[in-house]
Amino acid sequence: GVFNPFNIGSQNTDPTLTFSRIVGIVMGWVLAIVAIIAFVYLIISGVNYITAGGDAEKATKARTGILNAIIGIVVVVLAYFILRFAANIGTNLGGGK
């Protein structure tokens with residue numbers, strides 16, 4: 001269920017299924033946290049760019065921050081889909097349910 005993410009108390013004793021479930025949950029949380037950090041960095045860099053005024057150095061630094069944040073968000077999204085794809089292949093090869 002929703003409040004029992006590790007299926008505690010169930011009769012399922014397959015260690016690989018439990019391990020894959022734990023890895024999936026941990027990776028989901030890690031990717032979500034990294035995505036939030038990248039999004040916050042994008043917002044901060046955007047504010048810095050807007051408030052740079054005529055300072056070219058500050059504007060360039062902010063633009064670099066925006067680009068890095070966007071690259072970070074793209075990497076997180078790609079990592080999520082690659083992990084989902086790998087998990088599906090692993091489940092299919094292992095004859096999982």
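This is a predicted model: local features need pLDDT of at least 70, side-chain atom pairs count only at pLDDT 80 or more; totals for chains, interfaces and linings use all residues.
User: Is V40 buried, partly exposed or exposed?
Analyst: The relative accessibility of V40 is 41%.

User: How many Å apart in space are V40 and A69?
Analyst: Along the sequence, V40 and A69 are 29 residues apart. In space, going C-alpha to C-alpha, the distance between V40 and A69 is 8.6 Å.

User: What about F39 and I73, how far apart are they in space?
Analyst: F39 is another residue placed in helix α1, and at 48% relative accessibility it counts as partly exposed. F39 and I73 have 34 residues of separation in sequence. Their C-alpha to C-alpha distance is 7.2 Å.

User: How many helices and strands does the protein chain have?
Analyst: Helix α1 runs over residues 15-50, and helix α2 over residues 56-93. For the protein chain, the tally is two helices and zero strands.

User: Is S45 buried or exposed?
Analyst: S45 is found in helix α1. Its relative accessibility is 5%, and the cut-off for buried is under 20%. S45 therefore counts as buried.

User: Which residues does S45 touch, leaving out those up to four places away in sequence?
Analyst: S45 itself sits in α1, residues 15-50, while α2 spans residues 56-93. With residues up to four places away set aside, S45 touches A62, G65 and I66.

User: And how far is T64 from S45 in space?
Analyst: T64 lies in helix α2, whereas S45 is in helix α1. The two are 19 residues apart in sequence. C-alpha to C-alpha, T64 and S45 are separated by 8.3 Å.

User: Which backbone oxygen does the side chain of T64 reach?
Analyst: T64 counts as partly exposed, with 40% relative accessibility. Its side chain comes to 2.9 Å from a backbone oxygen. That oxygen belongs to T60.

User: What share of the residues of the protein chain counts as buried?
Analyst: S45 counts as buried, at 5% relative accessibility. The protein chain has 97 residues. Of these, the share that counts as buried is 10%.

User: Which helix gives the most to the nonpolar patch?
Analyst: The patch covers about 330 Å² of surface and is made by F19, V23, M27 and L83. One of these, V23, lies in α1 and is partly exposed, at 34% relative accessibility. The helix that gives the most, with three residues, is α1.

User: How are the rings of Y80 and F81 arranged: stacked, tilted or edge-to-face?
Analyst: The count of aromatic pairs comes to one. The ring centres of Y80 and F81 are 5.4 Å apart and the planes are at 70°, so the pair is edge-to-face.

Note on methods
Residues are numbered from 1 along each chain as its sequence is written. Side-chain values use heavy atoms; hydrogens and water are left out. Helices (H or I, at least four residues) and strands (E, at least two) are DSSP runs, numbered from the N terminus. Buried means under 20% relative accessible area, exposed over 50%, partly exposed in between (1.4 Å probe, protein chains only). Contact means heavy atoms within 4.5 Å. Patches are made of residues with over 30% relative accessible area and no salt bridge: like charges are joined within 9 Å, nonpolar side chains (Val, Leu, Ile, Met, Phe, Trp, Tyr) within 5 Å. Accessible areas come from the Shrake-Rupley method with a 1.4 Å probe; for residues, only the protein chains shown count as cover. A salt bridge is a side-chain nitrogen of Lys or Arg within 4 Å of a carboxyl oxygen of Asp or Glu. Rings of Phe, Tyr and Trp (its six-membered ring) pair if their centres lie within 6.5 Å; planes under 30 degrees apart count as stacked, over 60 as edge-to-face and the rest as tilted. A polar contact is a pair of N or O atoms within 3.5 Å; within protein, one must be able to donate a hydrogen and the other to accept it, and residues adjacent in sequence count only if both atoms are side-chain atoms.
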